[in-house]
Amino acid sequence: MRAVTVSQINRYIANLFKQDYTLSGIQVKGEISGCKYHYSGHIYFTLKDAGAAISCVMFSSQRRGLDFTLEDGQSVIVTGQISVFERDGRYQLYARSIVQDGVGRLYEEYEKLKKRLLAEGLFDEQRKKPIPKYAAKIGIVTAETGAVIRDICNVSYRRNPYVQLYLYPAKVQGEGAARTLIDGIRYFEKTDVDTIIIGRGGGSVEDLWCFNDEKLARAIAACTKPVISAVGHETDTTISDHVADLRAPTPSAAAELAVYSHRDLEIGLREYSYDLKRLMEQKLKVRKLELQKYMVLLQHVSPEDMLRQRKLYLADGQERLQRLMEKKVTQARHRLALYAEKMNGVSPLQKLQSGYNYAADETGNHVDSVSVLKKGQKLSLTFIDGKAEVTVDKVKKAKSYMGG
């Protein structure tokens, strides 16, 4: 038997693929892996399932009908033909068209709903309510059993043993799950809980699909209580995550965000107490200094100080007045002594002391001449040591010695 070359055998096998009608127009379903957009415009990727994989290529000339971007993990249906790449001696799927499979259709629905709700403003940060910093009661809408409720309880009680948790058991996947989630939100809205946590653990897109329900999204947006969405793991994002007041990457993280740390609060209160005491002491010190300053200022305008100043002024005035009065009295005494000395010579008493007496008629009028006397007239004579009543017996006028 004659030996053939590698090129010949690869060409022969390629012809066999071309002659097979099934392989020339086949649809293959699988998950995209290792997707690469080449600068030439071609797309290279691998299509795989749980048990096998096949290399694929879509040439740039075939991309006109592709209305979405290929990404790893997408489930797609590729229509094309299987042939051999003769240079490498391996077969691959040459894609003519690619459409998204079931999960892909769900993704399209998700994107459409997301765009619509975004346009309505349901994702706007301005309409979202703040999460209470010190929540005492928390409502939880999730499955009654499973790791989610255990994780939330463990984290919550570790952070604050006094927090009160209330569970509304709900379905978190499958038919009717969205309805029970809505009922849970509306139930807690009528209670006195401070915050609502809605969530579940991770899963496939189909498992998490109930959290993409439009009615659930609107119920979360309309809820008067703040809602924390904790659906899946960090890489999973649902409509509920976008519309909720706060999105937590995991249920445990939701508990961290909803429940304040009691220990941190105690430490904070002690620190605030210390700071408050220190600030109060500083303010009191400053106020005392200000008070002392104002007291000094007030002393100059206070009624007490004014009265004290007036008393000093009056005392000084009284002292000056007394000195002036004493001076005036002394001066008056000196003048009086001078006047007394001058009057001494004409003083009746002085005359009486010199042996003279004072004569008065019966009516008390002074008698200073014998010309007014008559015989038998009664007179009163005043001496230095007493009075005497006399009767005129004889009147004798003195001789005049004046010229003529």
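Predicted model: local features only at pLDDT ≥ 70, side-chain atom pairs only at ≥ 80, totals over all residues.
User: How many disulfides does the structure hold?

Analyst: In general, a disulfide is a covalent bond between the sulfur atoms of two cysteines. The structure holds zero disulfides. For Cys-56, the closest cysteine sulfur is that of Cys-35, and because the two lie 10 Å apart, they are too far from each other for a bond. Cys-210 is likewise in no disulfide, with the nearest cysteine sulfur, in Cys-223, 17 Å away.

User: Which way do the residues of strand E8 point?

Analyst: The general idea is that side chains in a regular strand alternate between the two faces of the sheet. Here Thr-195, Ile-197 and Gly-199 point one way from E8, while Ile-196, Ile-198 and Arg-200 point the other way, and all of them are buried. Strand E8, spanning residues 195–200, is accordingly described as mostly covered, with six of its six residues buried.

User: Which residues are the bridge partners of Ile-198?

Analyst: Ile-198 in E8 is the bridge partner of Val-141, and in E9 its partner is Ser-229. Strand E6 (residues 137–142) runs parallel to E8 and is joined to it by four bridges, whereas five bridges join E8 to the parallel strand E9 (residues 227–231).

Note on methods
Residues numbered from 1 in each chain as written. Heavy atoms only, no water. Disulfide = S-S within 2.5 Å. Buried < 20%, exposed > 50% of the residue type's maximum accessible area, 1.4 Å probe, protein only. Helix = DSSP H or I, 4+ residues; strand = E, 2+ residues; numbered from the N terminus. Pairing = 2+ DSSP bridges.
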